[in-house]
2 protein chains.
Amino acid sequence: MAITSPHPFDPLSPREIIQAANVVREALPQNVPNFRVITLQEPPKHEMIKFLEQIHLHKQPQLPTRTARVQVTVQSESGSPELVELFVNLDQGIISKKEHLPGRHSYIDTSYMQAVENACRADPRIESEIQKLRLPKDATVVIEPWAYATDGMKDMTERTTMCWFYMRLLDHPDANYYAYPLDLCAEVSEDLQVTQIYHLPLSEDDRTSTAGCSYDHNKVHSTNLSEYHPSLRPPPRTTTKPYQIIQPQGPSFKCEGNLVSWEKWTFRVGFNYREGLTLHDIRYDNRSLFYRLSLAEMFVPYGDPRSPFPRKGAFDLGNDGAGINANNLRLGCDCLGVIKYFDGWHNTSTGEPVKLPNVICCHEQDDGILWKHTNFRTQNAVVARSRILILQTIITVTNYEYIFAVHFGQDASLHYEVRATGILSTCPINIGDSVGYGTVVAPGVLAPYHQHLFSLRIDPAIDGVSNSLQVEESHTMPVDDPSTHNPFGVGYTTKSEIVTEETGLDLDFTKNRTFKIINEKKINPTTGTPVGFKILPCYSQMLLAHPQSYHARRSEFGSHAIWVTRYQDDELFPAGRYTMQSLGGEGIQSAIEKRKNDSASETTVRDQDIVIWHTFGSTHNPRIEDWPVMPSEKMIVGLKPVNFFEGNPALDVAPSTQENNKSMLV
Amino acid sequence: MAITSPHPFDPLSPREIIQAANVVREALPQNVPNFRVITLQEPPKHEMIKFLEQIHLHKQPQLPTRTARVQVTVQSESGSPELVELFVNLDQGIISKKEHLPGRHSYIDTSYMQAVENACRADPRIESEIQKLRLPKDATVVIEPWAYATDGMKDMTERTTMCWFYMRLLDHPDANYYAYPLDLCAEVSEDLQVTQIYHLPLSEDDRTSTAGCSYDHNKVHSTNLSEYHPSLRPPPRTTTKPYQIIQPQGPSFKCEGNLVSWEKWTFRVGFNYREGLTLHDIRYDNRSLFYRLSLAEMFVPYGDPRSPFPRKGAFDLGNDGAGINANNLRLGCDCLGVIKYFDGWHNTSTGEPVKLPNVICCHEQDDGILWKHTNFRTQNAVVARSRILILQTIITVTNYEYIFAVHFGQDASLHYEVRATGILSTCPINIGDSVGYGTVVAPGVLAPYHQHLFSLRIDPAIDGVSNSLQVEESHTMPVDDPSTHNPFGVGYTTKSEIVTEETGLDLDFTKNRTFKIINEKKINPTTGTPVGFKILPCYSQMLLAHPQSYHARRSEFGSHAIWVTRYQDDELFPAGRYTMQSLGGEGIQSAIEKRKNDSASETTVRDQDIVIWHTFGSTHNPRIEDWPVMPSEKMIVGLKPVNFFEGNPALDVAPSTQENNKSMLV
């Protein structure tokens with residue numbers, strides 16, 4: 001099949017997905033592969049650097065080999081499913097690499113989860129347990145399967161699923177069953193057998209037991225406090241008047257395929273099943289800034305120590321996938337103004353392409369004042385309003401929603417914003433009881449404490465590939481040091497160090513500790529210092545789980561806020577590529593240690609091709625205000641030029657005028 | 001003069017200003033008072049609490065006495081000006097209190113500063129120094145007077161002014177003279193004598209000397225890099241297309257005088273010469289949240305230790321005034337959408353009212369997604385967009401601009417946003433030199449390191465006046481403690497303490513340290529915990545100046561991020577009421593210590609009428625990108641309900657629809 005040359009960063013087209021599936025089917029004639037992933041394998045960076053150089057010199061570059069990364073499960077000889085990974089050279093239509101991955105698991109499989117749910121429903125012991133609960137007569141039981149978070153009690157090579165039970169009181173498909181968690185939990189084996197039934201702890205002292213008791217009907221609280229769907233709610237407030245964005249000359253951005261140009265920015269939009277939105281070759285005024293920017297992982301460990309709750313710990317990217325779970329965004333709801341949507345493509349289990357419509361939206365927004373000065377002598381004011389370009393994607397991971405957005409600024413700043421919303425994961429609690437690791441959000445409903453830890457992967461290319469990480473702090477100057485002239489004690493100065501080895505580092509706002517990604521070979525002619533971008537971190541508590549716990553061993557990136565590594569092709573995920581039921585030892589810390597102990601590995605990171613990983617998030621001890629759907633909680637990470645340009649890069653933004661903006665007096 | 005009853009929080013009307021001035025003039029028959037301040041003296045809180053209680057019960061309350069606080073300078077017997085403060089009972093037209101304040105200074109007086117500038121220009125020694133500089137022949141010298149920041153070298157009771165010299169290269173009133181700082185500085189005495197002339201240090205080693213040398217003409221760099229005014233710039237970028245806000249049914253807010261109602265919020269807008277915008281009696285759904293919210297102080301200490309730069313340290317509220325320096329906001333420039341403006345009133349030196357037009361704008365803004373959930377079983381999404389109400393004021397303090405905005409959310413959150421913009425304060429430096437406490441932003445132009453430290457004063461009334469400050473942290477549970485059940489090491493829990501004594505406290509994100517203002521007497525019926533609001537702090541480095549320095553002694557609030565004090569009428573300013581040339585010992589730390597040592601003072605803060613002060617800001621080590629006008633630097637402080645309501649207070653916001661929002665596809 002002839003493929004008209006896509007850009008090497010473009011996601012696979014439907015035709016390429018079909019081609020890859022065909023090649024894989026031919027390569028596995030004895031099997032009926034269950035296609036889990038057919039995605040772009042990005043070319044090696046050394047090839048892409050040459051390619052991009054040529055492109056930006058307006059020369060015709062050589063195209064790197066177009067490669068698909070395919071994951072399938074096949075029946076192994078023992079009869080259990082086995083994960084196989086194949087790389088398909090799409091230019092030649094051949095398999096370039098094939099690897100069997102025994103004991104590894106792909107991301108969560110919706111149809112398998114449906115089968116797990118059905119297995120629970122069909123199990124007579126569960127049926128009997130439900131009978132014992134003596135639920136209200138109109139109640140419908142809802143079963144929510146979760147991937148098993150390793151606690152060391154189960155075999156890792158076999159898939160285990162934990163099923164949590166709830167009920168719906170209202171006969172409506174969108175009734176909020178999380179408001180009525182049941183004292184029941186089932187463990188289901190890979191071959192769909194219910195292997196254990198748990199009764200959940202209902203108080204601080206209560207340990208898991210197998211003796212169930214009937215449902216406490218005092219927990220049947222008013223649905224008014226727990227429903228969010230408009231058809232189950234009283235009429236909404238009517239005080240909010242319409243608010244519309246008009247762009248009479250259309251948007252200021254331009255999209256040619258996946259290439260977006262806006263103001264002085266250019267970048268390419270990528271999308272894959274796991275990371276969702278990715279950005280490539282980000283440039284400002286035709287100067288290179290970042291090779292690739294992506295959310296690399298996300299871990300949601302729960303802090304309830306009572307069994308079986310230590311099995312709640314979700315890698316929302318590695319286990320679930322930000323691409324697969326991306327919402328179909330809707331005009332006027334998820335996005336306001338003049339909107340460009342990007343579709344994604346995934347595959348069915350039989351290897352057919354599936355469109356994921358409107359998974360990314362692109363639009364502009366006014367962001368208040370960009371810069372202003374009033375000359376106090378003349379009273380003349382010059383004010384430029386800030387326009388930002390937003391690329392947004394929203395994912396649903398079972399109960400929870402994340403809104404991810406990249407904000408591009410006219411001043412060459414870039415902000416990555418996460419909003420957490422959706423419904424809290426809940427479990428039952430006795431009426432009147434409380435515990436030290438959760439909030440009672442409704443009668444009988446505990447919302448356990450948990451953390452959201454994100455890893456933002458920043459692959460910089462600040463005026464070129466060779467970059468360094470500089471750590472700068474601001475310190476009070478001594479007053480009594482004769483070598484320092486600080487007679488009035490007002491002096492302070494900056495001290496900085498360049499990181500030389502791969503490592504994890506911590507934030508310290510008390511020292512104004514600033515992380516700068518610099519290019520030591522490019523000196524700003526005015527300031528005399530290397531050009532750079534600084535990270536405006538999101539100050540967050542790191543992982544609270546004990547270092548010995550599986551949670552900690554599996555999410556190594558959660559122990560430090562800033563990591564610097566030397567670039568490695570395919571090192572994209574700071575908790576490892578296979579997070580499902582992982583045992584730990586595969587994350588960023590282990591990768592660094594492994595290289596340190598390997599004399600053949602280059603581990604210096606000064607003036608090298610480096611990657612910066614920022615861990616941030618929230619320790620989410622729920623408020624009742626987060627119930628039943630929580631108001632967005634914003635977390636923001638920024639990247640700003642520091643002595644990169646020759647002055648304010650937004651100085652040429654036109655001053656704002658009422659003529660253009662047509663505002664109105666009340 | 002009959003005064004129709006204003007609300008006790010309403011600023012003085014022009015008629016009240018006239019009345020107060022008349023009363024004062026009559027009381028000071030021997031003098032021609034120079035009226036510096038005629039402002040509202042807010043009633044004692046115990047009276048206001050009763051008043052507000054009655055108002056919210058829809059009863060007719062008794063009006064507290066309407067009082068004006070008047071500051072005048074008069075000629076003292078020694079002939080030098082003396083500050084006198086008078087309280088005028090406007091109901092009775094009498095002076096209720098009068099105090100002479102020898103050695104105290106009022107805020108910066110524009111006409112006096114003009115006189116200082118003229119005194120410099122008239123001084124032959126300065127003329128001779130300027131001649132020695134041999135400036136380019138078209139250059140115009142500009143003199144910028146600054147209040148003297150105490151360094152211990154001058155008498156405090158006499159006013160001292162420091163004058164910094166620049167030149168304008170272009171013959172245009174809005175040319176950016178900060179781009180051409182001159183090696184010259186003058187000290188001017190209260191009686192307008194030039195008492196000293198300094199030559200400024202031009203390198204790290206260079207100490208202040210009196211031997212000037214001629215201006216280095218290599219510093220005459222292209223104005224293209226240093227001008228910001230559109231008439232002095234190349235044509236701006238034309239890529240930014242118009243973007244307009246349409247509210248076809250008008251805004252969702254309502255203003256009756258200074259009472260603003262929006263969604264479920266109500267509050268009263270205040271304004272005074274010093275704090276600028278203040279907010280009073282802030283309520284949500286008719287429940288009391290905050291008695292008063294204000295920016296209480298702001299200190300900008302410079303970190304350059306070389307004399308005379310330790311004299312650069314500005315109390316932008318205490319010395320300059322956020323009200324007096326508030327910009328006249330313009331439709332379509334400072335504010336977008338449907339705008340309501342509030343005017344302020346000040347007074348002339350002769351006691352006449354002066355309108356400060358459009359000093360506050362009030363408008364709505366879309367703020368992305370408020371909450372969303374997609375039911376993964378039905379794929380039904382419910383999404384409510386967030387509307388916020390913004391009250392904004394912008395001030396110019398000589399070279400610099402601050403944009404202050406309060407954002408009210410539909411989810412009962414409140415955010416205080418500061419944006420710093422404007423022009424950096426500069427000084428000269430030798431071409432090719434660098435120093436450890438500044439950035440060279442243009443040839444020969446040093447932008448010294450400095451800090452911006454803000455104090456946000458939060459006077460809470462969370463469901464009533466008696467509140468407590470609770471400090472909560474999240475901690476890993478032990479794994480080997482037999483009394484704790486944490487077999488898998490995943491558990492974490494919160495520990496909290498209630499602050500009992502007035503004190504300053506620090507932030508610690510590594511422990512998720514959270515400051516909650518709670519009402520211990522009001523227990524949330526569902527969570528079983530006190531109702532409260534939490535502070536989302538702005539993590540910032542505290543004051544860097546040495547504790548022994550005058551900078552530190554004068555800005556006590558800069559040493560801790562959170563202060564809790566027991567409410568005192570008239571304790572509004574954490575660096576003291578008179579900051580001009582202050583000596584220290586009058587700030588929040590001193591007030592706390594004084595009360596602690598005074599057995600008659602009540603210092604407990606648990607379940608009391610308390611005030612919380614949040615110190616935040618930035619250590620601003622300039623980037624060249626901040627030149628010549630810096631892109632807005634945002635700093636945000638949040639206040640959010642925590643177990644205050646019975647659930648998400650924004651649950652009744654109507655889901656967003658394209659029908660209302662009329663967005664468009666590209």
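This is a predicted model: local features need pLDDT of at least 70, side-chain atom pairs count only at pLDDT 80 or more; totals for chains, interfaces and linings use all residues.
On the side of domain 2 that touches domain 3, at least two residues each come from β5 (140–147), β6 (160–168) and β7 (181–189) of chain A. The largest share of that side, five residues, is supplied by β7(A).

The domain assignment of chain A places domain 1 at 14–101, domain 2 at 110–232 and domain 3 at 253–661. Between the C-alpha centres of domain 2 and domain 3 there are 35 Å, and 42 residues of domain 2 are in contact with 40 residues of domain 3. About 3300 Å² is buried between the two, with carbon and sulfur atoms giving 62% of this area. Of the area that domain 2 buries against domain 3, W146(A), T150(A) and Y178(A) supply 19%, more than any other three residues.

Turning to local features, an open, antiparallel sheet of chain A is formed by three strands in the order β21-β23-β22. Its edge strands, β21 (427–428) and β22 (438–442), each pair on one side only. Two bridges join β21(A) to β23 (residues 445–448), and C427(A) stands opposite L446(A) in β23(A).

S618(A) lies in strand β31 (residues 608–620). S618(A) counts as buried because its relative accessibility is 17%, under the 20% cut-off. Beyond its neighbours within four places in sequence, S618(A) is in contact with H450(A), Q451(A), H452(A) and M635(A).

Terms used
Residues are numbered from 1 along each chain as its sequence is written. Chains are lettered from A and ligands numbered from 1 in the order in which they are written. Side-chain values use heavy atoms; hydrogens and water are left out. Two strands pair if DSSP finds at least two bridges between them. Helices (H or I, at least four residues) and strands (E, at least two) are DSSP runs, numbered from the N terminus. Buried means under 20% relative accessible area, exposed over 50%, partly exposed in between (1.4 Å probe, protein chains only). Contact means heavy atoms within 4.5 Å. Domain bounds come from an automatic or database domain assignment. Buried area is the accessible area (1.4 Å probe) that two parts lose on being put together, summed over both.
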